[in-house]
Amino acid sequence: MSTPPTAATAFVSAFDLFKIGVGPSSSHAVGPMRAGGRFLASLDRCGLRAATTRVTVDLYGSLALTGRGHGTPQAVLAGLEGADPETVDCDRLGRLLSIVEEAGALNVPGGPPVEFDLNRDLRWHRRETLPAHPNGLRIAAFGADGGELLSREYYSIGGGFVVTAGEAEEGAEPASTAANVPFPFDSAAELLTMCESSGRSISDVVRANEEALRSPAEVDAGLDRLWAAMEACIAAGLRTPGILPGKLQVPRRAAALFEKLSAVKAPGPPDPQSAADSQSAADPLAALDWLNLWALAVNEQNAAGGRVVTAPTNGAAGIVPAVINYFRHFAPAAQRSPEERTAGTRRFLLTAAAIGSLYKKHASISGAEVGCQGEVGVACSMAAGALAEALGGFPRQVEQAAEIGMEHNLGLTCDPVGGLVQVPCIERNAMGAVKAVNAARLALCGDGSHRVSLDRVIRVMRRTGADMSSKYKETSRGGLAVNVTEC
């Protein structure tokens with residue numbers, strides 16, 4: 001029997017990296033909601049649910065600084081009420097603070113309402129940071145005599161992943177599967193070697209690992225479910241006009257842009273038999289308009305608290321779906337049959353997961369930890385490499401595309417205006433999607449030879465994040481956040 005892989009070499013599943021959740025932030029909403037759910041489970045394990053009469057929530061660091069605009073309070077309270085990010089009622093979530101304020105209590109499942117005063121029991125520690133990560137929170141339960149029954153510290157480490165203080169100290173990796181897989185890789189170099197020695201593509205290697213954990217049919221169904229959720233998010237964004245919530249009063253643009261583009265021609269590849277009748281022939285950059293549109297649609301939904309897929313985060317959720325749609329609508333190979341489109345979409349997601357897992361394990365996907373290079377930069381890298389594979393690139397071209405995608409996002413700051421995931425976040429996804437397509441095309445022009453490896457750029461990205469001032473890491477204390485008038 002082989003030795004189980006260590007945390008460093010454990011497999012990160014596509015179904016861990018991509019998660020169906022709710023906006024506007026994976027680290028500030030999805031993660032805190034999961035933390036609330038974990039605390040609820042701890043109360044059950046300790047037999048303290050029935051004895052709990054009051055709870056308190058303390059938010060630290062970035063959660064305190066930008067949590068109000070990122071939906072953190074209602075998210076953690078929803079978790080304490082038993083909600084899950086994948087199935088939570090988004091409309092009720094948006095009204096939850098008012099509901100709790102009026103009731104003065106949380107509707108904790110399996111017991112009577114638990115006292116909660118928003119002004120007293122939700123505390124914002126804007127000048128304090130817990131030791132393991134900028135996104136820290138502490139939840140405590142109290143009994144009828146006022147004594148503390150249980151308390152836990154949690155860290156929302158990006159992409160909706162959550163660890164306890166103890167897990168953080170032990171270096172636990174919440175996105176890793178300890179089960180043996182046929183191709184355990186800990187670096188892009190190892191992944192390339194496995195591909196070359198086995199004659200497999202990157203998506204084939206990841207599929208083999210996934211199929212060690214679940215059946216082929218379950219893998220396909222899971223990937224199709226992820227794409228269906230992404231596609232539904234795009235569709236919702238395309239048909240919803242109006243103003244985004246929050247003090248910035250940012251107008252939605254996707255619905256109007258969709259109407260404008262649809263009046264010209266539906267998206268699709270140039271028809272070589274009738275090029276004169278093609279929008280792409282009239283405007284060689286028309287595909288970029290659609291690419292921008294799809295990214296905007298997703299991130300407007302995210303900013304409004306809608307259902308999205310972390311890819312790898314909510315703040316960067318528009319890039320991967322937009323580039324998948326670019327492949328499905330503009331790549332000639334995807335036009336041959338619905339089966340080709342489906343197979344290409346599955347390969348795309350598997351390849352993107354492989355790339356994202358390397359950033360997750362060796363750098364960060366948290367804007368509060370490394371800036372937006374860890375969100376939009378990683379999503380761009382994932383989408384670039386995945387598109388290169390979907391378009392027929394071989395593994396070294398895929399690795400180069402992913403490297404290009406990050407190399408030109410190094411140092412990208414996270415400075416949301418007004419503490420909202422709107423400006424510059426929504427447009428930044430559109431720009432990231434365009435960069436991803438260009439990175440894939442650049443890589444496919446060559447033979448895969450390049451000076452800077454993906455492993456090296458991941459190390460540089462991590463160091464750049466460590467060197468970056470905290471003002472530029474999701475605190476709204478620097479950059480655009482303090483140099484743009486909010487109203």
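Domain 1 and domain 2 bury about 1300 Å² between them, and 54% of that area is on carbon and sulfur atoms. The size of an interface is often given as the accessible area lost when the parts come together. The model is a predicted one, and its two parts are laid out as follows.

The contact between the domains can be described residue by residue. On the domain 1 side, 18 residues take part, and they are in contact with 17 residues of domain 2. For the interface of domain 1 and domain 2, the rule finds 1 salt bridge. The side chains of R225 and E86 form a salt bridge, with an N to O distance of 1.8 Å. That distance falls within the 4 Å cut-off applied to a side-chain nitrogen of Lys or Arg and a carboxyl oxygen of Asp or Glu. Across the interface there are also 8 residue pairs in polar contact, with both residues at pLDDT 80 or more.

On the side of domain 1 that touches domain 2, three elements supply at least two residues each: the helices α2 (26-45) and α3 (61-70), and the strand β7 (148-158). Of the elements there, α3 gives the most, with 4 residues. Sorted by class, this side of domain 1 has 10 polar residues, 7 nonpolar residues and 1 charged residue.

In an unreviewed entry, UniProt lists residues 13-165 for "domain: Serine dehydratase beta chain". In the model, the span 13-165 is 41% helix and 27% strand, and its end C-alpha atoms lie 23 Å apart.

The backbone has some local features to check. Most residues other than glycine have a negative phi, and most peptide bonds are trans. Against that background, the peptide bond from A311 to P312 is cis, with omega near 0 degrees. P312 sits in the loop between β9 (307-310) and α14 (319-330). The peptide bond from V423 to P424 is also cis, with omega near 5 degrees. P424 has its place in the loop between α18 (395-407) and α19 (425-444).

The remaining feature concerns phi. E474 is not a glycine, yet its phi is positive, at about 60 degrees. The loop that holds E474 runs between α20 (454-467) and α21 (480-483).

Conventions:
Residues are numbered from 1 along each chain as its sequence is written. This is a predicted model: local features need pLDDT of at least 70, side-chain atom pairs count only at pLDDT 80 or more; totals for chains, interfaces and linings use all residues. Side-chain values use heavy atoms; hydrogens and water are left out. Contact means heavy atoms within 4.5 Å. Buried area is the accessible area (1.4 Å probe) that two parts lose on being put together, summed over both. A polar contact is a pair of N or O atoms within 3.5 Å; within protein, one must be able to donate a hydrogen and the other to accept it, and residues adjacent in sequence count only if both atoms are side-chain atoms. Ala, Val, Leu, Ile, Met, Phe, Trp, Tyr, Cys and Pro count as nonpolar, Asp, Glu, Lys and Arg as charged, and the others, Gly among them, as polar. UniProt positions are given in the numbering used here, feature names are shortened, and annotations may be inferred rather than shown by experiment.
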